[in-house]
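Please look over the structure shown below before reading on. The report that follows moves from single residues to the chain as a whole.

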Amino acid sequence: MRRLATQEPRQRSLGRLSEIGKVATRHGFGYVLERRRKPPVEERPSDRGRRLREMLDELGPTFVKFGQLLSTRPDLVPLDIVAELRRLQDDVTPVSFAEIEDVIRAELGLSVERAFTSFDETPIAAASIGQVHRATLPTGEEVVVKVQRPNAPRQIESDLVLMRSAARFVRERVRAFDFIDAEALVDEFGRSIREELDYLHEARNAETFRRHFEGDERVAIPRVTRRYTTSRVLTLEFLDGIHLRDLDTSAYTPEQRRDLAYRMTDAWMTMIFRHGFFHGDPHPSNILVLADGRIGLVDFGLAGSLTDEDMSRLTRLFVDAATENVEALPRRLSELGVRYDKEREGELRSAIEEFYYRYYGSRLSEIDPIEVIREGFDLIYSLNLRLPSRFVILDKTIATLGAVGVELYPEFNVFEVAKPYARGLIAERFSPRRVSLRAQKELRELAGIARELPYQVHDILEEIRDGQFEVQLKNPGVDDLARHVDRGANRLAVALIVLGGLIGSSMIGIFAKGGPHIAGLHVFSFVGFLFAGSLGLWLLWGIIRSGRL
């Protein structure tokens, strides 16, 4: 029985892997499964994105969510693929109400009838991990209940294992997909989706947003009902409004649409520049317009955060950009955690200067923010830069805000809204009080270093006295030189063996009179010549193949 139990998951995995292979082949990625390392024919960039989107869509919810993650990483994935993957919709067939009842009973310890005075069996939204139902609490409060699908965790974990294996396979065998680090992306996706599986994480985010906007007359955040919230059930206050995606903008005047776009963006600028904690998915499905004019927010699974140090570094970047100190920008990016090949620093500086002066001096109303962000990510991808995930979420959030704002009001410019916040951030960071606090902090840190210095010197002197002090130098150039020297020494040794074999075989041929002969040569002389000749040919082939004659 135990053997059958272990074989069943293995058979399911093999069946799922076979299904993935068939779907990949059907969408033109069959070459990935073959020994060939390149696509069979050249294709337009847009084709690969479309076919990848269609393949992920067919493979099901987990792969759809993985595609959605890829669409948020324009620093790692070409923009033509990003544009296609943003069309993926996490919209699936709802599970039966009986299954939803089972989850609620298991999580809350109550039946649906006892927990709620009313519960709509038809969901108002259904996604890959859970679905949302309207309900009424015994207190009379209207709520929405987000319930996780019964088999979601098991299916996701199973697919993650297969995705990890597929990513390793792609990294080792397919040069056509070198534009992404597949394994790192799968790991990032695994962390992200496991957080999404825990509804308590989303509840904490919602409570943080509600606390930050407490008393704010512009933004409404639903209250979490903790008594009815677990890791698989999330109960939130029902916000009575119209989703931005369903808004009939033709019924609004241009001034009303402009006001709505600016109020929406103003809420996000407040989150980013003042709270340092922001909603990471300003999609029209996650924004409501309430009857009282407020903006309502839902779906708090993805949130970004910026530390106080991040804000200080961003401020220094803004100041250098404003004062035309372009040469300092690569260093400021490095301080923010942007990673790049030091050998390409000159190329990076030139690219930044070209990008900077293309827009420097222009009025914000003359700049298309979506085009600026697109060109910025194109630069990031072409130079193989690596961004910290918190800034990727920030850039994606601002880009999404800009796109949604333009749909509402064509002349909308997200930079216009951000400008006073950025100016206020700079003024606040360089205020006398802030400078004084920063100076005190740095003095305390320097005092701590000075206090520890005598002990550190003492430890080093003791290690020197005991003969335990070691200095390790790591230099890729030195390592390459060592490998070349080692390879040259090996070839020299083989050449000496060949030479010795030839000389020895010749001497045997001259002095050996008796014994068997082959082709007029003594048998030992013949074997020696054959062995030396084989080694010589092998050595010559190795030198020719290395391209270093």
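N205 has its place in helix 9, where helices (H or I, at least four residues) and strands (E, at least two) are DSSP runs numbered from the N terminus. This is a predicted model, in which local features need pLDDT of at least 70 and side-chain atom pairs count only at pLDDT 80 or more, while totals for chains, interfaces and linings use all residues. Residues are numbered from 1 along each chain as its sequence is written, and side-chain values use heavy atoms, with hydrogens and water left out.

With a relative accessibility of 7%, N205 counts as buried, a word that stands for under 20% relative accessible area, with exposed meaning over 50% and partly exposed in between (1.4 Å probe, protein chains only). Once its neighbours within four places in sequence are set aside, N205 is in contact with F277, F300, G301 and A303, contact being defined as heavy atoms within 4.5 Å.

## Aromatic pairs and charges over rings

A pair of aromatic rings is described by the distance of the centres and the angle of the planes. The structure holds seven aromatic pairs; rings of Phe, Tyr and Trp (its six-membered ring) pair if their centres lie within 6.5 Å, and planes under 30 degrees apart count as stacked, over 60 as edge-to-face and the rest as tilted. The rings of F116 and F119 are tilted, because their planes stand at 55 degrees, with the centres 5.3 Å apart. F116 is buried at a relative accessible area of 3%, and F119 is buried at 14%. The pair formed by F209 and F277 is also tilted, with ring centres 4.8 Å apart and planes at 35 degrees. Since F209 lies in helix 9 (residues 199-212) and F277 in strand 8 (residues 277-279), this pair ties together parts that are 68 residues apart in sequence. Both F209 and F277 are buried.

Ring pairs also link F97, F116, F119 and Y228 into a cluster. R227 lies over the face of Y228, at 5.4 Å from the ring centre, and the charged end of R134 sits over the ring of F238, 3.9 Å from its centre. A charge sits over a ring if NZ of Lys or CZ of Arg is within 6 Å of the ring centre and within 35 degrees of the ring normal.

Which residues touch the most other members of the largest nonpolar core? Of its 89 residues, these are F66, L244, W268, M269, I272, L297 and L306, a nonpolar core being a set of buried Ala, Val, Leu, Ile, Met, Phe, Trp, Tyr and Cys residues joined through side-chain atoms within 4.5 Å. Helix 10 (residues 254-275) gives the most to this core, with nine residues. Apart from it lies another core, of 18 residues, which includes V103, L110, Y228 and V233.

Helix 10 has 22 residues and reaches 30 Å from its first C-alpha to its last, close to the 32 Å expected at 1.5 Å a residue, where the expected span is 1.5 Å times one less than the number of residues. Just after helix 10, G276 takes a positive phi of about 70 degrees. Leaving aside neighbours within four places in sequence, M269 is in contact with R274, L401, V414, V417, A418 and Y421.

T397, placed in helix 15 (residues 389-408), is buried with a relative accessible area of 0%. Not counting residues up to four places away in sequence, T397 touches W268, F278, H279, G280 and P282.

V77 is found in the loop between helix 3 (61-70) and helix 4 (79-85), and V77 is buried, with a relative accessible area of 2%. The C-alpha atoms of V77 and D378 are separated by 9.7 Å, although these residues are 301 residues apart along the chain. Another loop, between strand 10 (295-297) and strand 11 (303-305), holds D299, which is partly exposed at a relative accessible area of 33%. D299 has a positive phi of about 60 degrees although it is not a glycine.

## The chain as a whole

The secondary structure of the protein chain comes to 19 helices and 13 strands, and buried residues make up 40% of its 549 residues. Among contacts with a separation of 6 or more, residues 24 or more positions apart account for 66%.
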